[in-house]
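The notes follow in the order I took them.

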Amino acid sequence: MPPGSYLVQMPTGCGKTATFTHIPRDGRVLVLAHREELVRQPARYYDCPVGFEIAAEHSHGEDVVIASVQSLVRRLDRFDPEEFNLIITDEAHHAAAGTYKAIYRHFAPEKHIGFTVTPNRGDKARLDDVYSEIIFQRDLRWAIENGFLCDIYCLRVDIGYDLTGVTVRNGDYAPGELDEAMDGTADAVAQAYREHAKGATLIFAVSVHQAEEIAKRIPGAVVVTGKTKDRAEIIRRFSNREIPCIVNVMVFTEGTDIPLVETVIVARPTKSDSLYSQMVGRGLRPHPEKERLILIDCVGVTGKASLCTAPSLLGVDMVDIPAKRRQEVQGPLFELPERAAMAADCPESWIRNVQVVDLWAKSMKYETHNVNYFKMPDGSLVCSLPDRKKVMIPCPDALGNVCVSGETMHYQQALDRAYRMLETCYPEQRRIWDLEIAKRWGDKPATESQIRMIQRRKLDIDTGALTRMQASCILNRVLNGKKVSH
């Protein structure tokens, strides 16, 4: 990584764009963004000439150049490597992509600062080969507790869609296929509004068609799309409570300040943490007439794809929680991690333990040394030991580092250290923490002794279909302290 490359994390609504546009300039500045709206948005904050590199537009030596990554990567030969003193990357969680890295390799700035809102869940591409240090970090909890944003009450409403056949492109659902999959959901969205929404409500729809169908079913609702001309007047009337509900199609995802929003309904499924945060962010501004934001996630069947919902705001992953228990993960925002942990702490999850950890470790190129870890929804790994003792390794941050016993280290170093400790302190309990031993006999049917022990605990599981390995995972969690406190 180049020297002087740093990462800043700030939650949506806390002025990320205003912050990076006010960094003192000592030379020319290049701002990188991956979407057109993000390219346009920062320009109004600068008090100097601003040029653009996007589509047919080209810069002409301005003090600040704001560029679409997709456009700039094809125009690098137009720029001297030392042309910019500072590079700023907006939504820097994308910085691990090849297009971004090609740009970073071309330029030699004095400083490169990346800004992101997304909490890392340990299953994203790490940024440790792009940034050397996280120099400023504020999370959603800090922003709410300090009054910069309002609190959130989260609800899950199943509106019956099925995304199992929808293609994923560039990290999110393909728009056309998504629109088809959401067809026929307007009645359920309107019902969710009637039953759960309070006060001024903003609904995010997937298409103009869906937005219009939803608005037909909500008295007084107004549709806002990219072609809507009188947006300012609609916002004024909404803020005066003359309009009870706005149904919008990717218009109010960012850059719009409507503090009165009391309810946000997300009827636009997404896999993008940043897009989800932007949608919810429209309702996080404090307002004297609202106590908190009501956030309603319209959920459905997603197959293996990870759908962003309220827990995503705190870096909690729902994909490994059994579908029938996901409804338990709702309520006050800061109670969701504990509720997710409780929902995941069940026989179905224990059985999947080996597969989940193995696939995750391979995708992230980590060596777990075949330790029998259980991956929690917050990304931490837990190994249960006798006498209710545990080894726990927190979720790595965006640079692949963790803090263990007050010491910050690379994640692989923490895994190595935990393995050496288990080898030294628990050699007689290898059958509990060493998966390699378990795998030697794990594919055979569970023993009668294992089945009796599980049945005595009256767990909701079909013991007749269990393998020895699966039964071992269940009994390890039951006998060695299945409840994990953080």
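**Charged pairs and cysteines**

I started at R237, which is partly exposed at a relative accessible area of 32%. The model is predicted, and I read it as such. I found the R237 side chain in a salt bridge with E242, at 3.6 Å from N to O. E242 is partly exposed too, with a relative accessible area of 45%. I then noted a network in which D187, E213, K216 and R217 are joined by salt bridges that share partners.

I searched the whole structure for salt bridges and got 27.

Next I looked up E145, whose side chain meets that of R141 in a salt bridge, 3.7 Å from N to O. Both sit in helix α5 (residues 140-145), four residues apart, so about one helical turn separates them. I recorded E145 as exposed, with 57% relative accessible area, and R141 as partly exposed, with 35%.

I then checked R268, which forms a salt bridge with D172 at 3.5 Å, N to O. R268 is in the loop between β14 (263-266) and α10 (273-281) and D172 is in strand β10 (residues 172-173), so this pair ties together parts 96 residues apart in sequence. I have both R268 and D172 down as buried.

How many disulfides are there? I counted zero, with sulfur atoms required to lie within 2.5 Å. C150 is in no disulfide, and its nearest cysteine sulfur, that of C154, is 11 Å away. I noted C150 as buried, at 8% relative accessible area. C48 also counts as buried, because its relative accessibility is 14% and the cut-off is under 20%.

Notes: Residues are numbered from 1 along each chain as its sequence is written. This is a predicted model: local features need pLDDT of at least 70, side-chain atom pairs count only at pLDDT 80 or more; totals for chains, interfaces and linings use all residues. Side-chain values use heavy atoms; hydrogens and water are left out. Buried means under 20% relative accessible area, exposed over 50%, partly exposed in between (1.4 Å probe, protein chains only). A salt bridge is a side-chain nitrogen of Lys or Arg within 4 Å of a carboxyl oxygen of Asp or Glu. Helices (H or I, at least four residues) and strands (E, at least two) are DSSP runs, numbered from the N terminus.
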